[in-house]
Amino acid sequence: MFRDLLLTLVSLAGLFTIVFAENAPGWPFDVTTLTAPDNSITAKFVSLGATMTELWVSDKFGSFRDVVLGYDDNTKLLTDPIHPYFNPIVGRYANRIKNGTFSIPITKNAQPDGPNVFHIPTNEHGGLDTLHGGTVGWDRRNWTITAKSATSVTYRHLDPGDEGFPGNVTVFVTHRVENSGILKTTMHASATALTPIMVSQHMYLNLNAFQQGSNDILNHTLRIDGAKVVATDSLQVPTGPLIEVKGTAYDFQEARQIGSQWNETVGYCGPGCQGYDNCWIYNKDESSAAGVSLWSALSGIRLDVTTDQRALQFYSGNTVDQPRKAVHGGPALNYTRWSTLVLEQQNFIDAINTPEWGVDEIYGPGRDFEWSSTYNFSVVH
């Protein structure tokens with residue numbers, strides 16, 4: 001009896017937390033601030049998209065810098081027509097879907113319309129593909145707080161088949177900060193029917209935080225434990241082959257400055273585009289050792305990422321053009337192209353239209369989706 005009573009009280013406590021969050025002042029733009037016990041890291045989030053709005057870590061001078069881009073007015077996360085995806089959870093399916101179409105079971109080529117063929121609104125390249133889940137993906141949905149403490153917050157979102165995806169998906173994301181400059185994000189999703197799920201955390205980073213006269217990320221040093229990148233067409237949609245990075249400007253297996261082979265990146269992110277917007281396949285399980293590392297000699301801030309995901313999308317901010325946050329010198333100054341980068345921990349991109357990879361991104365009853373990444377910030381001198 002006592003156990004049943006305890007479980008009831010726990011359930012009620014969770015319900016009250018949900019009700020409180022839904023009615024919090026400013027929801028879904030209510031700000032939750034998390035600070036590690038040793039004060040080494042502070043992160044702020046809003047309920048819209050379970051989105052990070054600030055991330056403060058220490059530099060080599062002992063000062064704290066906000067190393068993520070964003071807005072001073074968080075309502076622009078919903079209303080900005082440019083929609084750059086500043087630091088949210090993106091889904092139900094991150095990255096691109098060819099023609100906004102897929103089948104279950106998956107196929108290489110589009111199938112005639114039928115009960116197992118699904119069309120998601122196309123929202124990129126003039127309607128030729130779907131990006132980050134459709135016109136209104138998870139980043140622009142209202143999430144609900146189900147648990148919160150001084151160091152962690154858990155959000156829940158119920159996706160009732162939005163954007164044309166099959167089945168209902170219930171997803172939980174927990175953001176947690178820990179001593180020694182650690183941010184950890186985990187996700188768990190369950191579906192009522194077979195459906196693709198592939199999500200990511202879309203953080204725009206600049207480890208100099210636009211200080212010391214530095215306005216781009218070309219002087220950041222990057223290492224990626226990936227010997228292959230996904231070959232793509234002119235829309236950055238996979239064609240199937242995997243490209244060996246050795247001997248190309250894709251090769252970051254040995255750490256080097258991002259701008260060290262910059263002239264060779266013309267066309268990497270599409271026709272006439274200079275920079276990166278590409279998917280690396282990790283060489284191994286990167287859950288215990290960093291699959292990607294990034295640091296700046298100017299600020300001394302270093303980031304090492306461990307993850308249970310199999311791939312990394314590295315985007316070098318090629319089309320960014322937004323007013324900066326005040327802490328970054330805005331709004332008189334803009335974030336501009338190559339002023340930031342995104343390191344998206346995720347699975348193989350558009351595997352739901354590339355069956356030759358043998359990558360299963362279809363989830364449903366009896367098979368839940370899991371995602372976990374740890375961001376370890378430290379200082380190098």
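The legends below describe close-up views of a predicted model.

In this model, local features need a pLDDT of at least 70 and side-chain atom pairs count only at pLDDT 80 or more, while totals for chains, interfaces and linings use all residues. Residues are numbered from 1 along each chain as its sequence is written, and side-chain values use heavy atoms, with hydrogens and water left out.

**Figure 1. Confidence along the chain.** The pLDDT, the predictor's confidence in each residue from 0 to 100, averages 94 over the chain, and 94% of the residues score at least 70. Over residues 1-21 the pLDDT is below 50. Beyond near neighbours in sequence, this stretch has 11 contacts in the model, a contact being heavy atoms within 4.5 Å.

Figure 2. V57 belongs to strand β3, residues 51-58; strands (E, at least two residues) are DSSP runs, numbered from the N terminus. With a relative accessible area of 1%, V57 is buried, a word that means under 20% relative accessible area (1.4 Å probe, protein chains only). Neighbours within four places in sequence left aside, the contacts of V57 are S40, I41, S63, F64, R65, V67, I301 and F377. Between V57 and T336 there are 23 Å in space, C-alpha to C-alpha, and 279 residues in sequence.

**Figure 3. The surroundings of E286.** E286 is found in the loop between β21 (277-281) and β22 (292-295). This residue, E286, is buried, its relative accessible area being 0%. Apart from neighbours within four places in sequence, E286 touches D225, G291, T306 and T307 by contact.

**Figure 4. The largest cavity.** On a 1 Å grid over the protein atoms alone, a cavity is a set of points where a 1.4 Å probe fits but cannot get out, and lining residues have an atom within 4 Å of a point. Three cavities of 30 Å³ or more are found in the whole structure. The largest cavity holds about 60 Å³, a volume being the space filled by probe spheres set on the points. Its lining includes T51, Y71, H83 and D139. Six nonpolar, two polar and two charged residues make up this lining.

**Figure 5. The largest pocket.** A pocket is an open set of points with protein on both sides within 12 Å along at least five of seven lines. The largest pocket has a volume of about 580 Å³. Among the 30 residues that line the largest pocket, R96, E124, L131, Y315 and T319 are the closest to its centre. The lining of the largest pocket comprises 11 nonpolar, 14 polar and five charged residues; Ala, Val, Leu, Ile, Met, Phe, Trp, Tyr, Cys and Pro count as nonpolar, Asp, Glu, Lys and Arg as charged, and the others, Gly among them, as polar.

Technical notes:
Helix = DSSP H or I, 4+ residues; strand = E, 2+ residues; numbered from the N terminus. Buried < 20%, exposed > 50% of the residue type's maximum accessible area, 1.4 Å probe, protein only.
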